[in-house]
Each structure stands twice: as structure tokens, then as C-alpha cells.
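Biologist: I would like to learn how to read a few features from a structure. Could we take them one at a time?

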Amino acid sequence: MVLPSKEHSLVLGYLYPQEMNLYGDQGNILCLQRRCQWRGIPLEVELLEPGNPLDPHRYDLLFLGGAQDKEQRAVARDLVEGKGPALRQAVEAGTVVLAVCGGYQLLGRYYRPAEGPELPGLGIFDVWTEHPGPKAPRCIGNVVVQWQGTTLVGFENHGGRTYLGPAAQPLGRVRVGKGNNGQDGTEGALYKNAHGTYLHGSLLPKNPHLADHLLRLALRRKYGEDTLPPLDDALEERAHQAALLRAQGRR
Amino acid sequence: MTATSARRFSAIVLGKLVRLAARAAGRGGTALPGLVAEKLAPDLLPFLAAQLPEGSVVVTGTNGKTTTARMIAHLLRPQGYTPLRNAEGSNLIRGLATTLVCRATLGGKVRAGPKALGIFEVDEATLPAAIASLSPKTVLVTNLFRDQLDRYGEVDRVRAIWGEALSHLSGEATLVLNADDPLVASLGRQSSCRILYYGVEDPAQGGSELPLMADVRTCLACGGNLSYSRCFYGHLGHYRCGVCGAGRPQPHVALLRGEGRDAQSQLLRLRLGRPGDLAGEETSLSLALPGLYNVYNALGAAAVGVTLGVPIPAIVGGLESFSAAFGRYERIPYRGRVLILILIKNPVGCTEVLRTIAQGERTLYLLLLLNDNTADGRDVSWIWDVDFSPLSGRQTRMVVSGRRAEDLALRLKYAELGDPTSGAGSPPVTVQGDLRTALETAVAATPLESVLYVLPTYTALLEVRGLLTALGAAAPFWEGA
């Protein structure tokens, strides 16, 4: 499945790979790596740890995963005091960002955990997240989201409820599951090319259209054109359909 | 009859009836009897458990509970004990209650012999209730890994629950802890009980790099980063905190040297010491189970044996004669092939299983089954944290099944396994949702006298075993020792 390279290449920054890798989120990195590899597009993945500076011009894509509350506190400090301004700059310049769960929460205005002090976020999304407390039920289950005329499937597991401010745009609308807060039918957030979501799964493997959408955004920004040779996604579609039926209780 | 004893009588009667009914319906009846009995008489379990002449041993942790508990029972039987174990999969309080209700007279007396001893494997979140109900003499904690986050929440939370639970343990009790797991070993620091540590000393069993996926890398005492001089599996290894200096305790019971003879057994050199006698005695034994994770199970069982005063030759003999069962490297002959059933539950455990079975050069025949029922964990994202690289470059023939078969097939595609163009020349992965068909397909693809590894998640294991029982190839699971 290796097609002739058009000399296009991409660089992905994987933020906090050790602290924020809860529950299979690294599968998103693998998915992007393979989908590029199978098209002959080199995708370089760089690991960005706490304490490392972030070069706002270097990356075509940036990824943040989920974390336990303890790790999220440590990362919040590094984001706000360290990488934050550079990350904001990268987002304003159109860098593609995918932030899942804890990563998504930290790109909002703030995150108030179940216990402990409020964590300031980067305010990239006009959202904020509040955890109703240790006794509140978590939002856990299979999710189906309406996105760009098609569906996204995944699994959510979060205590925090995320609310959208006036400037916020959701990623999509919830068909099955709780989404941001179980009340307003929204899931995730979108700002320029930054995508925030609660969906694990991992998210991208069963949603190849989203994976390719992110790659196209990155290619378009870098090279002014975004042709991606098609891949044989029969298995991906099958897995997507199966998950859809499962979420709807029809399987 | 007092009101209390009348309640207990009714509870026991009802529990026994429910058990009879379940068995008559061809089911295990390993949890419902206890659940029903407890509803009528909530103090029934402590009441019955207090009558056990030798008290109870509690085993908990993420991986290894069942195998370790079975090993302990196996070691103790020749010493005259009657071990009472809760049946496979019934590791909540209701499962413990069922075990004792079945051994109780209607008058509430436990009849199990003069040296009856409870050996109870308990679910990680059940440890507090188990300690309160059983007042165990020995508690063994094997390890703590990320597992079914949708059920248990984060690793930190389980660790906190354990710390709290163990603070209620009697000072006369012994805590047996895996020294190589910083989350588990740290439980010893806060405890006023007698502590016995076990661990691996043989550096050849591991490498020097902590995997990216490790669930723990910070010191519980001060939050500083742990540095590892050796990593065995997951976050188990030789560690020290760079900030406060807290490090791995010296194990009393230890693996000094291990050699995998083949993919089926291994030769172990052990040191068996005890508190106050770290040097102990050295001995060798041949374990009929492969894999480092089974070494840890054996060490844990040996440590409990030492705690209970089992003589060393008996510990060696017991471990050498131990054979696997119920989906923990369980061998079932079937239609001229050998099926080896190995339960998979979480990323670290599954990766270790793959590493273990991938030893050797022959073609690997695999049937993998992924379910997402409550007992399996409903979130299948964990398969993306499994490291499939032990299978790379090997000739494999894989069939996937279960409710989430397509997810598994997708994971394998992205691991570039079972992909016709990947170079290893393996045929593509077969996706077969129907269990019976998947089994027959996988068996048909396996040459006679070869091994077919069957790797199911928990409810898929029950389904596979149920199918094999119905086909006459295996005994029902509740009849296992």
C-alpha cells in the first residue's frame, strides 16, 4: 500500500506522552502514523515532556490525551507557565490540534476537579469544566456524535461536565451518550483547526474520515493542497458500523 | 431460637435453595446464593468466617489473583489444611458468602474440617469489605495496573482504597506484598502489621527502560519521579525515588535466577526468607507454567506458604506439581489439537501474555476474543495500549471473535499483523462474530498436534469454556479446584 511520495511530510508533537496517555489515546498517534505511512507521507512524531519548550512553528499537528486528576494538575502547571503561550500561538496560526478528555479540558478556560483547587486552562476553547463532586455519577458509555454530515463513534469516561461559552463551537451533536455535559446535546469543541473531544476508543481508528480530515487540514496549511490518496477503509467502516449498532443497543 | 439466629437460619436455607436451583438449571450458582443470603442476614459472612479454624487468607490485586490463590490452596492441601476457595469469578462479597453458606449447616455451623482455611481472592474494590468481614490473618497484594477504568476509576483511587482498608487490619496479621510494584510495596510503609515482601532479583528478567505505557512513575510518598535500574513488566521493577530516596524494599522471598526452558515451563532458583531472616534458604524448582507473570504468582504463593509455616520442601513440591486451570494457561485437548486458554484483561497483562507465547519460532495459531460486557470492561480502548510487537515478524494465523471483534481486527491491522503486505507473509485476520464458527475456523486452521492459543476477555472465556463443556471437551468451570 505504499504509494509514491510527493515529498510531503508532516511533524506531529505528542504532548505529555507519559502523563497524559490514559486509556488507549496513543492509538490516535498510531492511526495517524500508519495512514501517513500507507500513503508514503513521512510523519515524524516528537515527544514533548513537561519542562520542554514548545516551538509554535514547528508542528503541523499537536496531540494531547487524557490523564488522572493528579497528572492533570502537574500538566496544567506546565501548560500555563511553560508551553501555554506557544500553544496558543500555534493554534491561532492554524496548527491542527486534537485534544482528548483531560487535554481537552485544559485547553478550556478552567477545570474545577472533584477535589482540590481549580486549574486554570489555556482558554483556547471558550469552554469551562466543572466536576460535580466525588458522589456524582460519571459520564461513561458508548457515544455517537453527528459531525459534518457523518457520525463519530467512541467511548466517554469523564466526571467533569463541560459548558460552552458564547464564542464556543461544539465539535458535534450527541446522538447517543452524554457528550460535554449530558444536557445541551453538544460534544467537544472546535476552534480554528483545534479539536477537543471526550471520545476515547481510540477515537481515530474507527473514524477514518476524521483522521483524514485532520491530515488534510495539516497538508492544506503546509502545502496549499490536500490531496490524500484513498485507503482501503473497509475494515474501519465495518468497525465503525459495529460500534454504532453497539452504542444504539442494537448489537 | 433468637431473632438473629432465625434470620441466619433463613438466610442459609434460602442460600442453599438458590444454589440447588442454579445447579439444577446448569449454572454455577457461585454468587447469587450469597447475595440472597446476605440480604436476609447482613452479618452472615463475619459470623461464618469467624468459625474457620485456621481463619482466612485474602488475595487481591489486578493480575494473578486466581492463579496465586489456586497455588496457595495447592500448597496447603498436603499440609492437612482444607482450603475453601471462592469460585472463579465470584470475588465480590457475595461470592465469599456463597462459599461459606454452602459449607454451613442449617444451624449456622461451618463444617469444613479441623484445619479449614478460607483462601479468598477478592476484587480490588472489595478489599475493605473483605477485611471487615473476614478479619484475615494474611493478606496478599499482587500488583496494581490500570484495568477497566470504567469500573474502577483510576489507579490512584484503588491504591487509596487499599491504604484505608489495610489500616483496619489486625496487628497480628501478616501483609504479603510485591516489592517490585511501588504502589503495592508502599502499603508496607504505613502498616503496623508484620510484612513479608517478594520480588524478582534476577536482572535478566527485564530491561532498563520503563515502557511509555507504565501506569506509575511517581513516588507515592513525595510525588518525585521514580528512577528504575531494572524494569520487569509494566511498572514492576527495581526503583528508587530521586527526591526522597524511598526505594524498593528488600524481598524476603525472591527469584534469584530464572530460565525459560521452553514456552511451557521454566526453571527457577529462589531464596525463601522471612522477616528477621532475609538470607533464608535457597532452592530450585521447575514451574510448569511459562511467563514472568507466573513467576510473580509463584513467589506470592511461596511467600504465603512461608508465612503459614509450610516447610520449604513442601513449598517446592507444591509449586512443581501445580498445573494451570480455568483460562490461566489452561490446556484443553480438542479434536487432535491442544487449546491453551489464556485470559486477557488489561494492557500490561495482555502484553505479557503475548511476549510469553511468542517465544519460539513456529507459526502461532491464535483465536482472540474481545467482549465489552460489564465484567470485561465496556471501554475497549485498552487494546490500543497493548503492545503487539512480540508478534511482529512471526508467522501468525489469527481469528478474532467476540462482540467487539472488528475493533480487535482493526487494532491488528494498525499493528501491521495479519496483513498480506506486511512482509511476514501471514494471511489476513479472519473476523468471525459467531463463537462456535470462530472456534471451528481457528481449529481447522491449526495443524494436528499443534497448539491453538485462545485469548479471550473474561465473559468470552466463560462463553468459550461453556461451549467446550457442551462439546464434552472440558469440565464445567465451577468444578475446578
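Modeller: We start with burial: a residue is called buried when its relative accessible area is under 20%. Keep in mind that this is a predicted model.

Biologist: How many of the ten residues of helix H13 (residues 405–414) of chain B are buried?

Modeller: Ten of the ten are buried, so H13(B) is largely enclosed by the rest of the structure.

Biologist: Next, charged pairs. What is the general idea?

Modeller: Side chains of opposite charge can pair when their charged atoms come close. The cut-off here is a side-chain nitrogen of Lys or Arg within 4 Å of a carboxyl oxygen of Asp or Glu. By that rule there are 31 salt bridges over all chains.

Biologist: Which residue forms a salt bridge with A:Asp233, and what is the N to O distance?

Modeller: The partner is A:Arg35, at 2.7 Å from N to O. A:Asp233 sits in the loop between H4 and H5 of chain A and A:Arg35 in helix H1 of chain A, so that the pair links parts of the chain 198 residues apart.

Biologist: Are A:Asp233 and A:Arg35 buried or exposed?

Modeller: A:Asp233 has 15% relative accessibility and therefore counts as buried. A:Arg35 is buried too, at 0%.

Biologist: Where do B:Glu124 and B:Lys65 lie, the partners of another salt bridge?

Modeller: In that pair the closest N and O atoms are 3.3 Å apart. B:Glu124 is in the loop between strand E3 (116–121) and helix H6 (127–134) of chain B, while B:Lys65 is in helix H4 (residues 65–76) of chain B, 59 residues apart. Both B:Glu124 and B:Lys65 are buried. Salt bridges can also share partners: A:Arg35, A:Arg39, A:Asp212, A:Asp233, A:Glu236 and B:Lys413 are joined in this way into one network.

Biologist: What about the salt bridge between B:Arg7 and B:Asp43: how far apart are N and O?

Modeller: The distance is 3.7 Å, N to O. B:Arg7 is partly exposed at 33% relative accessibility, and B:Asp43 is partly exposed at 26%.

Biologist: Now helix packing. At what angle do H2(B) and helix H5 (residues 93–102) of chain B pack?

Modeller: Their angle is about 90 degrees, with the axes 7 Å apart. An angle from 65 to 115 degrees counts as roughly perpendicular, so H2(B) is roughly perpendicular to H5(B). The contact involves residues of H2(B) including B:Pro33, B:Gly34 and B:Leu35, and residues of H5(B) including B:Ile93, B:Ala97 and B:Val101.

Biologist: Which residues form the nonpolar patch on the surface?

Modeller: The patch consists of B:Leu14, B:Leu17, B:Leu20 and B:Leu40, with about 350 Å² of accessible area together. Helix H1 (residues 3–24) of chain B gives the most, three residues. As a general point, an α-helix has 3.6 residues a turn, so residues three or four places apart point the same way. B:Leu40 belongs to helix H2 (residues 32–40) of chain B and is partly exposed at 34% relative accessible area.

Biologist: Last, the backbone. Which residues should I look at?

Modeller: A:Gln148 has one of about 45 degrees, in the loop between strand E8 (139–147) and strand E9 (150–158) of chain A, and A:Gln148 is exposed at 57%. B:Glu449 has a positive phi of about 70 degrees and counts as exposed at 74% relative accessibility. There is also a cis peptide bond between A:Gly201 and A:Ser202, with omega about -5 degrees.

Note on methods:
Residues numbered from 1 in each chain as written. Chains lettered and ligands numbered in written order. Predicted model: local features only at pLDDT ≥ 70, side-chain atom pairs only at ≥ 80, totals over all residues. Heavy atoms only, no water. Patch = residues over 30% accessible without salt bridge, like charges linked within 9 Å, V, L, I, M, F, W, Y side chains within 5 Å. Areas by Shrake-Rupley, 256 points an atom, 1.4 Å probe, with all protein chains shown as cover. Helix = DSSP H or I, 4+ residues; strand = E, 2+ residues; numbered from the N terminus. Buried < 20%, exposed > 50% of the residue type's maximum accessible area, 1.4 Å probe, protein only. Axes fitted to C-alpha atoms, helices over the stretch in contact; angles between N-to-C directions. Parallel < 35°, antiparallel > 145°, perpendicular 65-115°, else oblique. Contact = heavy atoms within 4.5 Å.
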